[in-house]
Amino acid sequence: MKLLNILAVDVVAVALLATSISVFGCNNDSATTSDDAITQTERQAEMPVREVTPPPAPEPVSAQMPSPKREVTYAEAEASYQERNYGEAATLFTAYLEAKPDNPWGHYMLGLSAWKSNDLETAEQAFKRALELDPKHVKSMLNLSRVYLDAGEAEDALEQLYDVFEVDPQSGVAYRLQGRALHQLGDTTDAIHAYRDAILIESSDAWAINNLALIYIEQGRFDEALPALARAAELNESAAVIRNNLGIALENTGHFRAAEEAYRAAVELDASIESANGNLARVIEVVQDSSVEPVDLTALAQSFVNDCENWAANVAPFPEEDSIDKESFLEAELTP
């Protein structure tokens, strides 16, 4: 795969055990006896003056004896990942794998850490190595497809997702990622179907619902996007992106005060989202038509749930593993 964007990752050094060695010298001063004919001071005065070159200073202990690398444990590297120190976690999992190169989970976690620190090349190689060790490691397949999507390689992502469907034909996450890949390729019709499949498998998948609504927004179908986003926001109350998208749907259906509330919630959740800040500043200045009735987001969310039930009544059963043909599957997904 040719990666389009290879972003730099912070490098955190692995801590080494410090070795402390103390070096002791000894004094060989000889005493002058009373039987000497010439005192020590006089003897020194008789001796010719010579410049004495001092011996070279000893090398630092660290240069003489390099400290051995300590073994990094899986738990230690995983703790760094859980603390969201992804660059450090990638370094620690790399060190861990020097001692345990045949652990697919170590390569998987290295891939995750590298991906989250935007090192797509390392992430790709790590997930591929995990799959060499365990060809049915579904999590590595899924996250390798995410790496391809972030690199703009949607067709490679679809190829990888086919491998997921061979192992787990009812993976809701795989259908969601398939929707992303198809959307990236411009096939919004099939992307909508993929997102719907993901939602039918996992009705609480807020991100599949959000992504479906995003296509509706792009197509100007705000009345259809609004119930979906009301449901997504209900399922995931902490996602600023979903709140911002909800605000867009509300604003474009004339519910400016509700949109203001959604944008404000997005900013409170994540003030770094520039679009949410701009959207909030804009909608505050808009006067809402007094004839517009207050919006009931709970009722809208329930209407989306009802729509999903209607989809379920009108779709074919999901394919079993043995019934999937790779070439026809990919051809069907890539058809505009």
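**Close-up views of a predicted all-chain model**

View 1. Helices here are DSSP runs of H or I with at least four residues, strands are runs of E with at least two, and both are numbered from the N terminus. This is a predicted model, so local features need pLDDT of at least 70 and side-chain atom pairs count only at pLDDT 80 or more, while totals for chains, interfaces and linings use all residues. Residues are numbered from 1 along each chain as its sequence is written, and side-chain values use heavy atoms, with hydrogens and water left out. Ala-301, Phe-304, Cys-308 and Trp-311 are the buried residues of H16 (buried is under 20% relative accessible area, exposed over 50%, partly exposed in between, with a 1.4 Å probe and protein chains only). Why do they sit on the same side of H16? Because they cover an arc of only 60 degrees around the axis, taken from the directions from the helix axis to the C-beta atoms. In general, an α-helix has 3.6 residues a turn, so residues three or four places apart point the same way.

View 2. At the N-terminal end, Asp-296 does the capping: one of its side-chain oxygens lies 3.2 Å from the backbone nitrogen of Thr-298.

View 3. The aromatic pairs come to seven, where rings of Phe, Tyr and Trp (its six-membered ring) pair if their centres lie within 6.5 Å; planes under 30 degrees apart are stacked, over 60 edge-to-face and the rest tilted. Tyr-108 and Phe-127 have ring centres 6.0 Å apart and planes at 50 degrees, so this pair is tilted. Tyr-108 belongs to helix H5 (residues 104-116) and Phe-127 to helix H6 (residues 120-133), so the pair ties together parts 19 residues apart in sequence. Both Tyr-108 and Phe-127 are buried.

View 4. Phe-304 and Trp-311 pair edge-to-face, at 5.7 Å centre to centre with 90 degrees between the planes. Phe-304 counts as buried at 4% relative accessibility, and Trp-311 is buried too, at 13%. Elsewhere, Tyr-74, Phe-93 and Tyr-96 form one aromatic cluster.

**View 5. Two loop residues with positive phi.** Most residues other than glycine have a negative phi. Arg-84, not a glycine, has a positive phi of about 70 degrees; its place is the loop between helix H3 (74-82) and helix H4 (86-99). Arg-84 counts as exposed, at 65% relative accessibility. Asn-118 also has a positive phi, near 70 degrees, and is found in the loop between H5 and H6. At 39% relative accessibility, Asn-118 counts as partly exposed.

View 6. The chain has 17 helices and zero strands, and buried residues make up 39% of its 336 residues.

Definitions and conventions: A polar contact is a pair of N or O atoms within 3.5 Å; within protein, one must be able to donate a hydrogen and the other to accept it, and residues adjacent in sequence count only if both atoms are side-chain atoms.
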